[in-house]
Amino acid sequence: MTTVAELPAGFADKVLSAQSTFRSVMDAMARPGSIQRIASMAGTPDTMMRGTAAIALTLFDHDTPVWLDGRMSATANIAKWLKFHTSAPIVADSSIAGFALVGDPQSLPALDRFAFGSNEYPDRSTTLILQVESLTDGPTTELRGPGIDGTVTLRASIQPQDLFERLVINAALFPRGIDVVLVHDDAIVAIPRTTRLVRGG
Amino acid sequence: MNAPAYNFAYLDEQTKRMIRRAILKAIAIPGYQVPFASREMPMPYGWGTGGVQVTAAILGPDDVLKVIDQGSDDTTNAISIRKFFGKTAGVATTTATADATVIQTRHRIPEAPLHAGQVLVYQVPIPEPLRFLEPRETETRRMHALGEYGLMHVKLYEDIARFGHIATSYAYPVKVNARYVMDPSPTPKFDNPKMDNCPALQLFGAGREKRIYAIPPHTDVVSLDFEDHPFTRYRFDAPCALCGAGDSYLDEIVTDDKGGRMFVCSDTDYCESRQQAGHRGSESAAPHKERAHG
C-alpha cells in the first residue's frame, strides 16, 4: 500500500509553476492546433504524463469532479495522487465530470457520455485531457476556427483515429460541446469546441 | 512584523484556479459570458476589479504590464493598478504598447496594432449587452441560448427612427464568431474594427457582475448594423493638436471659458511616440525652445 510519503511530488513552486502551466494551456486554447510546451514539471504517478500532471496540479481542486478512464484508474495510485495534491473528487459518472483524464484514448467512451453543458450554461462541460502517442509525427490534419489565422496543420498520432470525426458534433451542438486537450509528454495541443476539421484526420 | 502577507499577484491560488478555468471556457466559447466567483479586491467596484482579477490570474514574473484608462497611461486608475501589480507581483511595467505582454485597459484599445503573444484585458462595468433592454437575467440568458437578438436590432432601429442614424457611440454591440452578441465594454465604436481578426487574445472581466468572456485571436467580430445603415466609425474631424495625427481617436479638451478647445489623442503612448518621431501639431511647444534649455 502506498503511503502519502511515497507519492510522487507536486510542483516545487506551486504558485509560479501553476502560472506558467496555465499560460501554456491558455495559449494552446487561444491558438488551437499549435503546440505549447509545459515547462514546470512535477512527479508523475503511474502512466500519467508530465503535461497531464502539470495541468492537473494547475486546474484541479475541490470544485472540479474528475473522471478517470480504465488506464488511469488501473491502480489506485493516480486517484490517490490527485486526491492528495488537488483534493479533486474522483467521480465514476463521466457526465458530471469537469475534467476527464484519458490514458488509453483507444477506448475513449462515446463523447455523449461526457457533459456538453446546457444552452444556457455551455461552460458547464467536460474538458477532455487525452494522452496521445505523438504531437509531432503521424497523419496531418488541417484545422480552422477562432484562434487560427486561416488554417493550421497538425501532425499528430492520435487515438482514437476518428477523434476529429467524433468532434464534428461540436458544430451541431454549439455553444454546447466538448473541449479537448491533447497531451504528449510535455507538449500540449488544444482543440476547443469551435475548431473545425478542414481536411485529414 | 510587516512582512507582506500577500500571495504572488495578490489573489490566493484557489481563486486563481477558479478564474483560470473560467478563462479557458471563455476562450473555448467566444463571446459567451462565463459566470465566476468574483472576489472583493482592495479597490472599489468601477475601478476595474474584474480586469484586475483576470490580470492577476494570468500574470507571471516575466510579463511586462501596461495599464491604460481611456487610452491614458497617466490617470489615477491606470497608475494605481500598475503600481498594484508592480508591488504584489513585482512585474516590469511599461507605457509602450509594443513592449507590453499584458495590457489592462479601461475603455480603449491602443492605436498601435497589437501582435500575437499579447493579451488585452478589458475592465467591464456591465457585461450583458441586452441588460438595458431586458433586466431579467433569466430572460437574457435564454436569448443568448437561442441566439435571439432581435431586441438589439430593434434598439438600433429605434436609434435610426429617432435620430436618422445609429446614435450608439460607445459599448456598440458586436457579434463574435457569428454566434454571441457581446458588449465590447464602453470603448468608443471607433475601436470596434480593431477587435476583428486581432492577433492578440482579448479577455474581458466584470467584477461586480461576476462575468468573464473572451475573443480568441483571429476571430470574426462584426459590429451589428443594417444593410442601408452600415456601421461607421466616428472621430472628431480634426488632427491631434499635439502630434498632428489624423487617424487616432481624439479627446476634446476645453481650454478656456470662451469656447476654446483642442483635440488631442486619447492614446497617450501613441501621441508621445509620434511626437518623439518629430510629428508636431498646432499646439505643440516649438521644438527649438525646448532644446535651448536642454
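**A buried helix in chain B**

I began by listing the buried residues of α2(B): B:T49, B:G50, B:G51, B:V52, B:Q53, B:V54, B:T55, B:A56, B:A57 and B:I58. Buried here means that 20 or more other C-beta atoms, placed from the backbone, lie within 10 Å of the residue's own; 12 or fewer makes a residue exposed, and anything in between partly exposed. That puts ten of ten residues of this helix, 49-58, under cover. Helices (H or I, at least four residues) and strands (E, at least two) are DSSP runs, numbered from the N terminus.

**Ground rules**

I'm looking at a predicted model, in which local features need pLDDT of at least 70 and side-chain atom pairs count only at pLDDT 80 or more, while totals for chains, interfaces and linings use all residues. Residues are numbered from 1 along each chain as its sequence is written, and chains are lettered from A and ligands numbered from 1 in the order in which they are written.

**Strand β9 in chain A**

Next I went to β9(A), residues 187-191, where five of five residues are buried. Which residues sit on each side of β9(A)? I found A:A187, A:V189 and A:I191 on one face and A:I188 and A:A190 on the other, all buried.

Then I checked its neighbours, where pairing takes at least two DSSP bridges between two strands. β8(A), residues 179-184, runs antiparallel to β9(A) with five bridges, and A:L182 has A:V189 as its bridge partner. β1(A), residues 36-37, is also antiparallel to β9(A), joined by two bridges; there A:R37 partners A:A187. The β8(A)-β9(A) hairpin has two residues between its strands, and A:D185 takes a positive phi near 55 degrees.

**Where the chains touch**

I counted 30 residues from chain A and 30 from chain B in the contact (C-beta atoms, placed from the backbone, within 7 Å). On the chain B side, α1 (13-28) and α4 (137-146) each give at least two residues. The largest share, eleven residues, is from α1(B).

**Domains of chain B**

Twelve residues of domain 1 of chain B are in contact with five of domain 2 of chain B.

Terms used. Contact = placed C-beta atoms within 7 Å.
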